[in-house]
Amino acid sequence: MKLRIGTFNVENLLTRHRFGPSGRFETDAAMSLFHFPRADERDAVERSLAVALEDDKRQMTALAIAEAQADLWMLQEVDSLASLQAFFANYVHRSSDHRYGHFALIDGNDRRDIDIGFAARRNLLAPQAVTVRSHKELTFAQAGVHDRDLAALGIDPDGKVFARDCLEVALDFGGRKLSLFGCHLKSMNNGRDDGRQATLPVRRAEARAVKHLVKTRFGGGWREANWIVLGDLNAYRYGLGPLAEIVDEGESGIEPLLEDFAVDPMEALPAHERWTHFRRFWSESQERLIDSHMPLDHILLSPAVAAANPKPAMQMIRRGLPYRVPLDPRAPDRSMARLATCADRYPRVGWDRPKASDHCPLTVDLVIPEGPSS
């Protein structure tokens with residue numbers, strides 16, 4: 001049985017036009033140019049602007065999903081089941097060759113209410129063949145992952161281990177079963193030089209907790225079972241600098257998932273292809289701009305699934321990224337004059353926005369082997 005499985009951080013698929021008193025970054029720039037004497041006037045204008053911007057963006061998000069043609073999706077940064085279903089009905093299904101159903105989303109722990117959603121091709125499974133479970137209530141103590149590094153951050157053993165959730169979706173295809181563990185691990189706090197290191201203990205604990213869940217779910221047969229850990233793991237050991245130079249970024253936090261546990265098929269790709277996100281930022285400590293292509297998104301295979309797929313085909317759909325992103329890390333010319341005139345994006349993609357997302361979809365084509373009951 002062959003399946004194309006995908007993960008995509010769709011970047012704030014929301015029914016709200018504001019996160020809170022600080023506003024929402026998509027509308028902040030335009031709103032900063034105007035003065036509104038009354039709060040209700042500002043709110044009305046901001047709502048109208050948010051709707052217009054969202055429509056542009058979601059057309060491109062839908063194009064990326066349609067081009068990827070995955071059978072199964074795990075999507076990050078979705079605020080409700082209603083918004084997930086509305087997005088597929090009104091955007092994805094207008095451009096995709098596939099029709100999706102079996103939608104699932106459970107409210108997680110994120111303070112902005114950005115959750116993990118699941119979707120599958122409508123004709124792929126019977127409704128009763130999909131079982132969904134949240135692990136948002138799992139604590140550090142229950143998972144056995146609390147340590148001195150977490151205590152030093154003031155994190156209590158009884159705190160919830162997942163910054164968002166680990167959404168477990170069990171699929172029954174008759175003779176074959178597959179379990180997906182969808183994740184969106186703790187952010188690295190972009191914009192801070194020390195953000196990666198400061199949040200590393202939390203991501204490491206989350207990774208260890210996912211490993212705990214898999215081993216608890218399958219017991220001693222976890223190596224023979226069909227399971228996949230996928231999502232925006234906000235972690236990478238190696239990034240790509242200018243000219244696709246490989247940069248060792250040090251410990252990532254997800255090592256527990258890769259050390260004698262899951263297999264990362266992205267490692268078989270050429271180095272310049274191993275990225276799903278681009279960041280250009282000013283480093284205060286180094287006093288310079290830094291460019292980095294990085295693999296924040298991952299699809300990690302169980303030993304059994306990896307053995308059945310020694311060299312699976314992977315693809316990253318990058319035409320929805322903004323023009324400021326160099327799509328080929330090897331290219332020496334990253335000037336605005338060159339990047340802004342490349343004909344390699346969807347219609348109406350902008351320099352920074354609108355865009356499909358700040359991530360690109362990642363998919364892998366897999367043969368799902370027969371195996372023990374999962």
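Good morning. A charge sits over a ring if NZ of Lys or CZ of Arg is within 6 Å of the ring centre and within 35 degrees of the ring normal. I begin there because the rule in that definition covers two places in this structure, which is a predicted model. In one, the charged end of Arg318 sits over the ring of Trp275, 4.0 Å from the ring centre. In the other, Arg279 lies over the face of Phe281, and the distance to the ring centre is 3.7 Å.

Another joins Phe87 and Phe88. Their centres lie 5.6 Å apart and their planes stand at 75°, so this pair is edge-to-face. Are Phe87 and Phe34 buried or exposed? Phe87 is buried, at a relative accessible area of 3%, while Phe34 is exposed, at 54%. Phe88 is buried as well, with a relative accessibility of 0%. Phe87 and Phe88 also belong to an aromatic cluster with Tyr91, Tyr100 and Phe103.

The pair of Phe87 and Phe88 brings us to helix H3, which spans residues 81-90 and has Ser83, Leu84, Phe87 and Phe88 as its buried residues. How do these residues lie around the helix? Viewed down the axis of H3, the buried residues fall within an arc of 130°, so they line one face of the helix. An α-helix has 3.6 residues a turn, so residues three or four places apart point the same way. What does the buried face of H3 pack against? The partners of its buried residues are strand E1 (2-13), helix H2 (39-68), strand E2 (72-78), strand E3 (100-105) and strand E4 (115-121).

Between H2 and E2 there is a loop, and Ala70 is found in it. Ala70 is buried, with a relative accessible area of 0%. Leaving aside residues up to four places away in sequence, Ala70 touches Arg4, Ile5, Gly6, His98, Tyr100, Arg121 and Thr363. Take Arg121 from that list: Ala70 and Arg121 are 51 residues apart in sequence, yet their C-alpha atoms are 8.1 Å apart in space.

I now come to the nonpolar interior. In soluble globular proteins, nonpolar side chains tend to be buried together. Here, the largest nonpolar core has 39 residues, and those touching the most other members are Ile5, Leu72, Phe118, Leu171, Leu178, Leu180 and Ile228. A second, separate core holds 30 residues, including Cys166, Ala205, Leu213 and Leu300. To look at one member of the largest core in detail, consider Leu171. Beyond residues up to four places away in sequence, Leu171 touches Leu72, Phe118, Leu125, Ala129, Val130, Arg176, Lys177, Leu178 and Leu180.

Lys177 forms one with Asp172, where the closest N and O atoms are 2.8 Å apart. Both partners are partly exposed, Lys177 at 24% relative accessibility and Asp172 at 32%. Arg176, for its part, meets Glu370 in a salt bridge of 3.8 Å, N to O. Which parts of the chain does the pair of Glu370 and Arg176 link? Glu370 is in the segment after E15, and Arg176 is in the loop between strand E6 (166-172) and strand E7 (177-184), 194 residues away. Glu370 is exposed, at 60% relative accessibility, whereas Arg176 is partly exposed, at 24%.

A further salt bridge joins the side chains of Arg4 and Asp365, at 2.6 Å from N to O. Arg4 belongs to strand E1 and Asp365 to strand E15 (residues 362-367), so this pair ties together parts that are 361 residues apart in sequence. Arg4 is partly exposed, with 22% relative accessibility, and Asp365 is likewise partly exposed, with 27%. Finally, Glu11, Glu26, Lys57 and Lys355 are linked in a network of salt bridges.

Thank you for your attention.

How values were computed. Residues are numbered from 1 along each chain as its sequence is written. This is a predicted model: local features need pLDDT of at least 70, side-chain atom pairs count only at pLDDT 80 or more; totals for chains, interfaces and linings use all residues. Side-chain values use heavy atoms; hydrogens and water are left out. A nonpolar core is a set of buried Ala, Val, Leu, Ile, Met, Phe, Trp, Tyr and Cys residues joined through side-chain atoms within 4.5 Å. Buried means under 20% relative accessible area, exposed over 50%, partly exposed in between (1.4 Å probe, protein chains only). Contact means heavy atoms within 4.5 Å. Rings of Phe, Tyr and Trp (its six-membered ring) pair if their centres lie within 6.5 Å; planes under 30 degrees apart count as stacked, over 60 as edge-to-face and the rest as tilted. Helices (H or I, at least four residues) and strands (E, at least two) are DSSP runs, numbered from the N terminus. The arc is that of the directions from the helix axis to the C-beta atoms. A salt bridge is a side-chain nitrogen of Lys or Arg within 4 Å of a carboxyl oxygen of Asp or Glu.
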